Amino acid sequence: MKTRLSRLRSDFGPAYPEAIALEKQIEEMQTFLDNRAKSLLVSEQGIQITPDDVMNAYVNMLENDLRALEQQGQDVQSQMKQAEEQAKTLVSFILEDEQLLRKRTRLDDLYNSTIERLQALNMQKDAASIVQELIESPKEGEVVEPKISTAAALAVISTILLAILTIQLAEFRDSRIHTSQELEKILNTRVVGHIGNFDRSSEVRKLTRTLRKSKSTASQYLVTHHLPTSRISEGFRAIRTQILFAIGAKNKVIGVTSALPSSGKSTIASNFSVSLASAGHSTILIDCDLRLPQIHDIFGIANDQGLTEAIQGMLPLEKLLVQSATPNLTLLPSGIIPSNPAELLSSPEFRALLAELKLKYAYVVLDCPPVLPVSDPSIIAPLTDGLLFISVVKDDLKPQIERSKEILRGAGGRILGCIVNRADDAGPAYGYYAYGYENAATSDNYFPAK
């Protein structure tokens, strides 16, 4: 009994009034039961009911009341949570309502201010006064503009300006070379000679018919050899004089190149070499065009061995040199076309070969490839003492020649002078017409095959 009483005290605690009253009743009941512990007997079956049984029944009743109170407490907590949620919802509605009210107030103020502004403008418009004043009496009109003299002057000036602008634009867009002076201005050097079109020369046509009947294997374009007294040969002698004066006595290696194919550089290099040899100078002409050699065709010699074999050290140099029909002129053809021309020309062996030939000959003439299609001339240019640049006029070559000059000067090349080829003709009639770098195996992959 006392144990259950202690448990009830711990469960309720002193905080609840009901628990205090219940504890008091339990104490009074305990006192009553102690006094009459053995006096109570009841039951129809003659069963004796002890005070503990009564106390247990009373405690069970109290426990049921306690569970009922706990359930009521849980219900109250649930109702409190619901009331809290409803209060939060109500607060959000109140805040939203206040925002809408403030927005409505602002719109009302804006509307009222707009109405007031419109009313003020209408009042100002209605209050504006009309002032009428006669400045000048009406009279018959007269033409003020345009004036014929002024319009004519403006038309003339506009026409002149338009013509000047048109001419300037045409000159700016014109890529043709019309005169030798333009060529000199582009290359920043002088033109040392003009060579006519061989195919239009009566001397060359007559020479062609003569060579068909003879056993000579040299080309009809080797005019300085076949016709040393011709007008063309005299032109090459004039070029020889100017070039020798320009390079001086100590310089020996002369390169011959052009911007693009179809300029006839190999033909000019061959005739220039013959002209040097005819003046008594020991000369060697080397075909450095290892992609499309022409020297062997012009002189009518074999090309099964030459410069390629000399650089690679396959044969002694003495066995590769060919003596031409012109006294004092030795030839070194290109030899077998290699797969790596640029690498061979940039090798130390090629530099050593040039140094050796400079000691043996008075002049070394190099027939180089054109500048723009391949990089070979950029490799050879710094190894020479000067370059002869071959070009034609009346062709759209201005950008190409400018670019070639930049490449050669950037590589360290020195342009001695320019030779105008086919000066009496605008079309490509000989030389590198259809230059033919078509073979991808020997092109060194410097430009696409055609």
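Okay, so when I say salt bridge today, I mean a side-chain nitrogen of Lys or Arg within 4 Å of a carboxyl oxygen of Asp or Glu. And keep in mind that this is a predicted model. By that definition, the structure holds eight salt bridges. I'll walk you through a few of them.

Let's begin with lysine 265. Its side chain meets that of aspartate 289 in a salt bridge, at 3.9 Å from N to O, so that one falls within the 4 Å cut-off. Now, where do these two sit? Lysine 265 is in helix H9, residues 265-278, while aspartate 289 is in the loop between strand S3 (283-287) and helix H10 (295-299), so the contact ties together parts that are 24 residues apart in sequence. Buried or exposed, you ask? Aspartate 289 and lysine 265 are both buried.

Lysine 265 has another partner, aspartate 367, and here the closest N and O atoms are 2.9 Å apart. This pair links distant parts of the chain: aspartate 367 belongs to strand S6, residues 363-367, and lies 102 residues from lysine 265 in helix H9. Again, both aspartate 367 and lysine 265 are buried.

Okay, over to helix H14. There, the side chains of lysine 360 and glutamate 356 form a salt bridge at 3.2 Å, N to O. They're four residues apart in H14, which spans residues 348-360, so about one helical turn separates them. As for accessibility, lysine 360 has 43% relative accessibility, so it counts as partly exposed. Glutamate 356, at 31%, counts as partly exposed too.

And back to where we came in: through shared partners, salt bridges join Lys265, Asp289 and Asp367 into one network.

Definitions and conventions:
Residues numbered from 1 in each chain as written. Predicted model: local features only at pLDDT ≥ 70, side-chain atom pairs only at ≥ 80, totals over all residues. Heavy atoms only, no water. Helix = DSSP H or I, 4+ residues; strand = E, 2+ residues; numbered from the N terminus. Buried < 20%, exposed > 50% of the residue type's maximum accessible area, 1.4 Å probe, protein only.
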